[in-house]
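Trainee: Before I use any of the terms in a description, I would like to see each one set against its definition. Could we go through them together?

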Amino acid sequence: MERVSPGEAVSAGISLKIAVASGKGGTGKTLVSTNLFSTLLVAEHQGSLVDCDAEAPNDFLFFKGEAAGSFEVTQMVPVIDTDRCTYCGRCRDDCHYNAIFILPSVPMIRVMEELCHGCGACTVACQEGAITEKEVSLGRVSHLAVDAFHRLTEARMNEGVYSPVPVIKAAIREAGHTGITLLDAPPGTSCPFIQTVSRADYVVLVTEPTPFGLSDLRQSVETLKTIGKPCGVVVNRAGLGNREVYDYLTAEQIPLLMEIPFDRELAALYARGMVAASVDLSWREQFTQLLNNILTHYGNSHYQW
Amino acid sequence: MEIAIISGKGGTGKSSITAAFAALGRQVVLADCDVDAANLYLLFNPAHEEEQIYISGQKAVIDYAVCTSCGICIDYCRFDAITEKEGRVEILETSCDGCHLCARVCPEKAIAMVNSDQSRMVAGSFRFGKMVYGRLAPGEENSGKLVNMVREKASAMAAALTSPGQPPLILLDGPPGIGCPVISTITGVDHVVIVTEPSLSGLHDLQRAVAVALKMERKVSVIINKWDLHPALSNEIAAWCRHAGVAMAGQIPFSEVVVEAMVHQKSIPEWAPDHEVSTQLRSIFKWLISSCLLEMK
Ligand code: SF4
Ligand code: SF4
């Protein structure tokens with residue numbers, strides 16, 4: 001198999017989505033995604049970064065650019081016409097999320113919008129034509145153009161919304177589809193994580209060489225196995241902790257893509273909202289190498305370029 | 001007394017701090033509410049005394065012996081979970097929200113709803129008291145309800161502790177973010193501790209977490225962990241807290257003993273009782289308990 005540089009891959013019309021995830025937030029997932037994005041900028045590869053951590057998005061803090069549009073993500077919720085409603089209770093019975101409350105004796109009917117998932121079951125259930133629907137906001141997707149070829153996209157859900165998933169889906173859908181798209185995935189292994197990684201071609205898991213790190217990594221790997229996504233691992237804060245994570249990678253035959261040693265200088269740059277690969281040549285080289293490793297392993301696992 | 005420890009985002013050292021408090025307290029019930037990535041059991045290895053199945057929701061499943069591939073369900077599903085592939089109607093399990101609508105509209109009654117039952121709640125004793133944690137199975141939902149189940153169990157275990165002198169202390173280790181499981185974790189607690197670290201994104205996440213906690217009308221205080229990694233930003237965070245009227249519970253320096261303790265399956269005060277980090281943790285804990293007692297009076 002021939003090795004192809006990211007630049008060549010992009011000019012050959014490749015579009016590739018790489019998710020950067022970790023079982024838990026704060027292991028360096030944002031550090032890795034922002035630095036990878038920075039190497040795309042420097043090398044003039046077309047690409048984008050989508051911040052899918054809709055509960056706590058902050059990738060925008062690390063880059064300067066121009067606002068390039070944003071839109072509201074909405075869902076439908078029922079509106080009840082009390083002139084037509086007979087308080088029969090069919091809509092309440094069919095609502096699996098207990099979002100409709102009825103007191104026929106008053107009579108009163110109320111939709112609890114924060115519980116509603118917008119499934120439409122109540123509209124189907126009502127025999128009286130008493131239900132119409134309106135749109136309510138779940139959050140917002142915003143774009144930031146760093147230059148002509150590179151864009152950041154942020155998914156941000158409103159406080160109190162039942163799930164970040166609709167906003168995440170919309171952000172990934174609206175992000176660029178040419179070149180390399182990086183997805184900064186939400187923490188955990190539940191729905192938001194799965195909805196993000198299932199849209200990626202390759203998953204980079206960031207972990208720490210500690211018992212907590214290993215436990216989270218195991219859970220992420222098991223989840224990725226069930227949906228059949230290839231993955232590789234970046235060990236952050238290498239040098240602290242123990243060797244168990246490495247033994248696990250060997251046993252599972254998961255590629256170690258990069259080790260980032262614990263480094264006060266790197267931590268300080270990150271703390272100030274600076275991207276190491278943008279200001280330091282040696283970090284830029286290391287993260288470019290990471291991108292090359294990802295492309296090589298992705299190619300090995302799935303794609304003959 | 002119920003204290004929740006949260007952070008706008010994971011990785012601030014919140015769990016290590018919670019573990020330290022558990023080791024310092026008396027009559028402790030430790031509840032790991034980070035049901036997506038529970039990990040305190042790794043440090044405390046609790047006896048596995050009780051396990052309960054948690055039904056997180058339901059998923060639609062098609063009986064292909066009955067399905068005529070009419071595709072009506074596809075039109076009704078609002079979660080894009082049903083597709084047709086080469087004449088076969090398929091439900092994408094990871095996208096199904098469990099709303100039951102497809103099962104109702106199917107003229108052949110070919111769709112059944114099956115319980116998602118892989119998640120668990122586990123409870124038992126550990127060396128400083130009682131412990132309970134939830135484990136949400138990958139891809140399962142409704143973590144907020146599992147958090148509620150964990151908290152109910154924690155309250156029941158606390159009530160069962162006979163307490164000479166001090167009331168039992170329930171410590172809740174919260175999930176990252178500001179979503180539904182976080183709200184479930186802090187609803188009704190006596191005090192919310194938010195752990196942050198000195199970085200721009202840390203400050204950003206802290207502000208969101210404070211907003212949520214204040215909206216829930218909880219007493220809030222802040223711990224800056226690894227403060228010495230960026231003293232100037234730590235000062236800025238402390239200043240922001242003063243300005244926002246949020247109490248500073250204390251600052252903890254960065255140290256490798258935190259990871260060393262974890263590798264040895266110990267809390268920090270157990271592993272390095274004389275270390276500066278442990279000293280800080282003890283004084284923060286003391287402040288926390290006395291200010292909670294004051295608030296409760
Ligand atoms: S749209 Fe679905 S979730 Fe919302 S109220 Fe109607 S039945 Fe309930
Ligand atoms: S199903 Fe229609 S008529 Fe019956 S209670 Fe609901 S809105 Fe009213």
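Mentor: Let us start with the two domains of chain A, whose centres, taken over C-alpha atoms, are separated by 41 Å. Keep in mind that this is a predicted model, in which local features need pLDDT of at least 70 and side-chain atom pairs count only at pLDDT 80 or more, while totals for chains, interfaces and linings use all residues. Residues are numbered from 1 along each chain as its sequence is written, chains are lettered from A and ligands numbered from 1 in the order in which they are written, and side-chain values use heavy atoms, with hydrogens and water left out.

Trainee: What makes up domain 1 and domain 2 of chain A?

Mentor: Domain 1 of chain A takes in 6-63 + 146-298, and domain 2 covers 74-137; the bounds come from an automatic or database domain assignment.

Trainee: Why is strand E8 (residues 119-126) of chain B called largely enclosed by the rest of the structure?

Mentor: Buried means under 20% relative accessible area, exposed over 50%, and partly exposed in between (1.4 Å probe, protein chains only). Six of the eight residues of E8(B) are buried, and therefore the strand is described as largely enclosed.

Trainee: How do you know that E8(B) pairs with strand E9 (residues 129-135) of chain B?

Mentor: Strands (E, at least two residues) and helices (H or I, at least four) are DSSP runs numbered from the N terminus, and two strands pair if DSSP finds at least two bridges between them. Seven bridges join E8(B) to E9(B) in the antiparallel sense, with B:Ala123 opposite B:Val132, and a hairpin of two residues links the strands. Strand E3 (residues 50-54) of chain B also pairs antiparallel with E8(B), over five bridges, and there B:Gln52 has B:Met121 as its bridge partner.

Trainee: Why is B:Glu217 called exposed?

Mentor: Its relative accessible area is 65%, so B:Glu217 falls in the exposed class, over 50%. The residue sits in the loop between helix H7 (200-215) and strand E12 (220-225) of chain B.

Trainee: What makes up the shell around ligand 1, in terms of nonpolar, polar and charged residues?

Mentor: A residue is near a molecule if one of its heavy atoms lies within 4 Å of it, and the residues around ligand 1 include A:Cys95, A:Cys116, A:Cys119 and A:Cys122. Ala, Val, Leu, Ile, Met, Phe, Trp, Tyr, Cys and Pro count as nonpolar, Asp, Glu, Lys and Arg as charged, and the others, Gly among them, as polar. On that division the shell holds nine nonpolar, three polar and no charged residues.
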